[in-house]
Amino acid sequence: MTMATENSASGHARCAVVTGAARGIGLAIAEQLARDGLSVVATDRDGELAHAEAERLRAQGLAVQGAALDVQDRAAVRALFATLPAIDVVVNNAGIASTMIPFRELDADRLRSMMGVNLLGSFIVAQEAVRRMPEGGRVVQIASRGYLGGAGAAHYVASKAAVVGMVRAMAIELRWRGITVNAVAPGMVDTRMLEGYTPEMRRALEQREPAGAAASPQTIADAVSFLASPRAGQCNGQVLFVDGGKSVGMPPL
Ligand SMILES: NC(=O)c1ccc[n+]([C@@H]2O[C@H](COP(=O)([O-])OP(=O)(O)OC[C@H]3O[C@@H](n4cnc5c(N)ncnc54)[C@H](O)[C@@H]3O)[C@@H](O)[C@H]2O)c1
């Protein structure tokens, strides 16, 4: 085992908790962190799928354990974390999106449920994790390029902008403990989150991506792999866009 994968206090493999890790981006992150040598707890609201995927990865020789966890349930988060020797890395990936809703038709309940998972859920998990996190710890929050703005998605945009705001505040508070807090902002990624779009709408959206297609979840996992590593100690309070550069502007005419 290399120094990069060890918890300096215990000498054991660094432990990472990933939320929403039964599929999509979260599953790719869990697998990548395990390939990086970390001991990974892949959690998801869908515990059955999380356990099944963890078993599949263990069969490949990777240190991945599955766990059922709804990020909105603080008691369950506490109970799970109490079973872990340490939490060196936490990746708040669990999130929900929705079909497009014009702002004038958006009701407060939809906004509340979006905030409940995307903001409050990641707040609960991050807070419980950093209470147990040693020096050198890493918090990575999965935001979205969408936080910059987007029609028909005020509730999603607001939830992800709030996540970025929280990252910036946490980064300042936690740097004195040697813990970094960063966000990854994906563009369009090929996961089941896109299932809400009709094929026509999906094609139209993909054509607007610089690559002309949705990215693979692995591209996000690669960015998380860096931010979660000891090599990223000087990155703090940042948003790393992984979107082919669409966030910096449209192509020339
Ligand atoms: N797919 C994209 O285009 C895209 C783009 C930008 C950002 N993101 C963000 O990436 C993250 C992962 O999305 P994805 O595309 O892999 O979506 P996905 O729907 O495929 O996976 C999301 C996972 O989160 C889990 N989950 C949902 N609510 C939960 C809760 N309350 N507690 C625990 N787990 C819960 C689901 O069971 C699912 O396994 C999300 O935060 C999403 O907002 C996705």
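A228 sits in the loop between α7 (217–227) and β7 (239–242); helices (H or I, at least four residues) and strands (E, at least two) are DSSP runs, numbered from the N terminus. The model is predicted: local features need pLDDT of at least 70, side-chain atom pairs count only at pLDDT 80 or more, and totals for chains, interfaces and linings use all residues. Residues are numbered from 1 along each chain as its sequence is written. A228 is buried because 27 other C-beta atoms lie within 10 Å; a residue is buried if 20 or more other C-beta atoms lie within 10 Å of its own, exposed if 12 or fewer, and partly exposed in between, with C-beta atoms placed from the backbone.

**A228 and its contacts**

- Not counting residues up to four places away in sequence, A228 touches A16, L33, V89, V91, R138 and V140; two residues are in contact if their C-beta atoms, placed from the backbone, lie within 7 Å.
- The C-alpha atoms of A228 and V140 are 7.0 Å apart in space, although these residues are 88 apart in sequence.

**Overall fold**

- The protein has seven helices and seven strands.
- From the N terminus on, the order of elements is β-α-β-α-β-α-β-α-β-α-β-α-α-β.
- The radius of gyration, taken over C-alpha atoms, is 18 Å for the protein, which agrees with the value near 18 Å that a compact globule of 253 residues would have. The globule rule is 2.2 Å times the number of residues to the power 0.38.
- Along the principal axes, the C-alpha trace spans about 55 × 40 × 35 Å.
- Buried residues account for 40% of the 253 residues.
- Of the contacts between residues at least 6 apart in sequence, 71% join residues at least 24 apart.

**Strands around β4**

- β4 (89–92) is covered on both faces: V89 and V91 on one side, and V90 and N92 on the other, are all buried.
- Strand β1 (residues 15–18) runs parallel to β4 and is joined to β4 by three bridges; two strands pair if DSSP finds at least two bridges between them. V18 stands opposite V91 in this pairing.
- β4 also runs parallel to strand β5 (residues 138–142), with four bridges between them. Here V91 stands opposite V140.
- β4, α4 and β5 form a right-handed β-α-β unit; a crossover is right-handed if, with the strands pointing away from the viewer, the path from the first strand over the helix to the second runs clockwise.

**β2 and β3**

- Strand β2 (residues 39–44) pairs with strand β3 (residues 64–68) in the parallel sense over five bridges.
- The chain passes from β2 through helix α2 (residues 47–58) to β3 in a right-handed β-α-β crossover.
- D44 stands opposite A68 in β3.

**Ligand shell**

- The ligand is surrounded by 30 residues, of which G20, G24, G95, T191 and M193 are the closest; a residue is near a molecule or strand if its C-beta atom, placed from the backbone, lies within 6 Å of it.
- α1 (24–35) and α4 (108–130) each supply at least two residues of this shell, and α1 gives the most, with three residues.
- By class, the shell has 14 nonpolar, ten polar and six charged residues. Ala, Val, Leu, Ile, Met, Phe, Trp, Tyr, Cys and Pro count as nonpolar, Asp, Glu, Lys and Arg as charged, and the others, Gly among them, as polar.

**Other residues**

- A97 lies in the loop between β4 and α4 and counts as partly exposed because of its 19 C-beta neighbours inside 10 Å. Not counting residues up to four places away in sequence, A97 touches Y156 and M193.
- L84, in the loop between α3 (74–82) and β4, is partly exposed, with 16 other C-beta atoms within 10 Å. Leaving aside neighbours within four places in sequence, L84 is in contact with C15 and V41.
- I220 belongs to helix α7 and counts as buried, with 27 C-beta neighbours inside 10 Å.
- Leaving aside neighbours within four places in sequence, I220 is in contact with I25, A28, I29, V184, P186, V189 and V242.
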